[in-house]
Amino acid sequence: MSDAVCNDNCPYYELPNVFTPNGDGCNDLFSAYHDSGSNQNCPIVNVSRCPRFVDAVRIKIMNRWGKEVYTFNSQDGAKSVYIEWDGRDNGGSQLDAGNYYYVADIAFDAVDPKKKTARIKGWVQLIR
């Protein structure tokens, strides 16, 4: 018998900084990097950038004046952890092209308490 070994998960979550909701099937959604299927217009996603060991995602997206325009919580209903924001506000209206800012709270499945949560702050450019 050998000593018990406990290896922790390597949690990971990354968001892009540009998306183009123009209906061409490529980068139409602000979403965590993942392979959303085969589309000839889009390059193949680097699998090493895909989310790993993610339990939940909460995100607030604000315009340049700090007004909250979109919120997402993966624990509301059967939503996925990918976000998949289509450039519309909470009321369903299309937002103007421009820069938007976000704060995302991510919960991970990890043993180390320091790796269980992360807060990601950043910006995303919506191009129409």
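A polar contact here is a pair of N or O atoms within 3.5 Å, where one must be able to donate a hydrogen and the other to accept it. Keep that in mind for the first stop, and remember that you are looking at a predicted model.

**Stop 1: Ser74.** Select Ser74, in the loop between S3 and S4. Its side chain reaches the backbone nitrogen of Val57 at 2.8 Å. Is Ser74 buried or exposed? Its relative accessibility is 7%, so Ser74 counts as buried. Now show what surrounds Ser74: leaving out residues up to four places away in sequence, it touches Asp55, Ala56, Val57, Lys79, Ser80 and Val81.

**Stop 2: the sheet.** Switch to cartoon view and follow the five strands, which make an open sheet in the order S1-S5-S4-S2-S3 with mixed pairing. Which strands stand at the edges? Colour S1 (18–19) and S3 (68–73): each has a single partner strand, so one side of each has no neighbour in the sheet. Next, pick out S2 (residues 54–62), which pairs with S3 in the antiparallel sense over five bridges. To see the two strands face each other, select Arg58, which stands opposite Asn73 in S3.

**Stop 3: the aromatic rings.** Show the side chains of Phe, Tyr and Trp. How many aromatic pairs does the structure hold? There are six. Start with Phe19 and Phe30, a tilted pair at 5.9 Å centre to centre with 45° between the planes. Phe19 lies in strand S1 and Phe30 in the loop between S1 and S2, so this pair ties together parts that are 11 residues apart in sequence. Both Phe19 and Phe30 are buried.

Trp85 is buried, as is Phe30.

**Stop 4: around Trp85 and into the core.** Keep Trp85 selected and bring up its contacts. Neighbours within four places in sequence aside, Trp85 is in contact with residues including Asp28, Leu29, Ile61, Leu95, Val124 and Leu126. Trp85 also belongs to the largest nonpolar core, which has 23 residues. Which of them touch the most other members? Select Tyr13, Phe30, Ile59, Ile61, Ile83 and Trp85. The elements giving two or more residues to this core are S2, S3, S4 and strand S5 (117–126), and S4 gives the most, with five.

**Stop 5: a charge over a ring.** Jump to Tyr33 and show Arg49 with it. The charged end of Arg49 sits over the Tyr33 ring, 4.1 Å from its centre.

Stop 6: Most residues other than glycine have a negative phi. Go to Phe53, in the loop between S1 and S2, where phi is near 60°, a positive value. Phe53 counts as partly exposed because its relative accessibility is 39%. Then find Glu84, in the loop between S3 and S4. Its phi is positive too, near 55°. At 37% relative accessibility, Glu84 also counts as partly exposed.

Notes. Residues are numbered from 1 along each chain as its sequence is written. This is a predicted model: local features need pLDDT of at least 70, side-chain atom pairs count only at pLDDT 80 or more; totals for chains, interfaces and linings use all residues. Side-chain values use heavy atoms; hydrogens and water are left out. Two strands pair if DSSP finds at least two bridges between them. Helices (H or I, at least four residues) and strands (E, at least two) are DSSP runs, numbered from the N terminus. Rings of Phe, Tyr and Trp (its six-membered ring) pair if their centres lie within 6.5 Å; planes under 30 degrees apart count as stacked, over 60 as edge-to-face and the rest as tilted. Buried means under 20% relative accessible area, exposed over 50%, partly exposed in between (1.4 Å probe, protein chains only). A charge sits over a ring if NZ of Lys or CZ of Arg is within 6 Å of the ring centre and within 35 degrees of the ring normal. Contact means heavy atoms within 4.5 Å. A nonpolar core is a set of buried Ala, Val, Leu, Ile, Met, Phe, Trp, Tyr and Cys residues joined through side-chain atoms within 4.5 Å.
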